[in-house]
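Hi everyone, thanks for coming. I'd like to walk you through one structure today, so let me put it up on the screen.

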Amino acid sequence: PRTVVFFEHQGLGRAVQAIAADRPGRVRFQATDWPAKFYRPTPMKIACDRKVKVIGREGLTLLVVPAES
């Protein structure tokens with residue numbers, strides 16, 4: 001299993017590919033596009049161009065939660 005690393009300084013990213021519980025997507029974070037998935041399973045989806053909060057990573061995949069509106 002891959003190790004989960006939580007970021008001390010979490011930041012905002014923007015979905016460049018939709019993210020769903022059963023389908024990872026992509027997020028632009030710190031001027032780079034990264035694979036991304038929800039940190040915890042959730043029934044919601046994040047549409048393209050919506051903000052996400054990046055809280056950590058698992059391997060090269062960013063772990064995200066929906067950003068507060």
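In what order do the five strands close into a barrel? Before I answer, please keep in mind that this is a predicted model. The order is E1-E2-E3-E5-E4, and the pairing is mixed. On average, neighbouring strands of this sheet are turned by 55 degrees against each other, with direction ignored.

Let's look at one of those pairings. E1 and strand E4, which covers residues 51–58, run antiparallel and are joined by seven bridges.

Now let's follow the chain to a loop. Strand E1 spans 4–17 and strand E2 spans 25–29, and proline 24 sits in the loop between them. Proline 24 and arginine 14 are ten residues apart along the chain, and their C-alpha atoms are separated by 14 Å. Which residues does proline 24 touch, leaving aside its neighbours within four places in sequence? Proline 24 is in contact with Gln17, Ala18, Ala36 and Lys37.

My last stop is threonine 61, which belongs to strand E5, residues 61–66. Is threonine 61 buried or exposed? Its relative accessibility is 16%, and buried means under 20%, so threonine 61 counts as buried. Again setting aside neighbours within four places in sequence, its contacts are Pro35, Ala36, Lys37 and Gly56.

Methods
Residues are numbered from 1 along each chain as its sequence is written. This is a predicted model: local features need pLDDT of at least 70, side-chain atom pairs count only at pLDDT 80 or more; totals for chains, interfaces and linings use all residues. Side-chain values use heavy atoms; hydrogens and water are left out. Helices (H or I, at least four residues) and strands (E, at least two) are DSSP runs, numbered from the N terminus. Contact means heavy atoms within 4.5 Å. Two strands pair if DSSP finds at least two bridges between them. Axes are lines fitted to C-alpha atoms, for helices over the stretch in contact, and angles run from 0 to 180 degrees between N-to-C directions. Buried means under 20% relative accessible area, exposed over 50%, partly exposed in between (1.4 Å probe, protein chains only).
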